[in-house]
Amino acid sequence: MATAASDAVHFISLLILSGHVAGRIRYSIQEELEQGAFVGNIAEDLNIGISDLWTRAFRLISDDTKKYLALNLENGILFVSERIDREQVCGEHSLCSLAYKISLDNPPEMHSVAVEIIDVNDNPPRFSEGEFSLRINEVLAPGARFPLESAHDPDVGTNTINTYQISPNEYFDLKVQTRSNGDVIAELSLEKSLDREEQPTFYLVLT
């Protein structure tokens, strides 16, 4: 029978490292940049020598499955490794950014990196149908209004829809309003009395 003195004893040694977490580095780039496009010189911005990139295991960490950006360990430059479609990454949110960590060893060090993705006007607005019709009674007085379908534009900010236009004519005008949420809506306004016998159909182009 083993005694307490002869029992095997396992010791667990814990090494607590004193890591340094610095502030956040921020960069801004446009979406759709070509592969290899420059984002920022992280080594220079962190004041880290080129020789330390390897000796301190300089590395870029991301929780994203897609690696849109990569780090060149020869010069410390962050670059685009995969084309970024802002609408795919962030949908229609007004703010869009990618979050990374820069990790170094000896001594351990961690830095946050945020890369803002700026929208470019790469998506033309589209209506759900190429053509739609309105049936209007000829007895309606001028001033009558008729809501029109809004187009969908995945772009955001100044690149999204801000107005509509209609082909010139003497009977109809377009009234455009911007709602509090930023949506732009258009209404067809009757400007002149209609006469079905004189002109039964109008073909207008909304853009």
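Reply:
**Salt bridges between loops**

E82 is partly exposed, its relative accessible area being 30%; here buried means under 20% relative accessible area, exposed over 50% and partly exposed in between, with a 1.4 Å probe and protein chains only. The model is predicted: local features need pLDDT of at least 70 and side-chain atom pairs pLDDT 80 or more, whereas totals for chains, interfaces and linings use all residues. Residues are numbered from 1 along each chain as its sequence is written, and side-chain values use heavy atoms, without hydrogens and water.

E82 forms a salt bridge with K66, with the closest N and O atoms 3.6 Å apart; the term denotes a side-chain nitrogen of Lys or Arg within 4 Å of a carboxyl oxygen of Asp or Glu. E82 lies in the loop between β5 and α3 and K66 in the loop between β3 (59-61) and β4 (69-72), so the pair ties together parts that are 16 residues apart in sequence. Helices (H or I, at least four residues) and strands (E, at least two) are DSSP runs, numbered from the N terminus. K66 is also partly exposed, at 39% relative accessibility.

A second pair joins E32 and R83, whose closest N and O atoms are 2.2 Å apart. E32 has a relative accessible area of 26%, and R83 one of 46%.

In the whole structure, the search finds 7 salt bridges.
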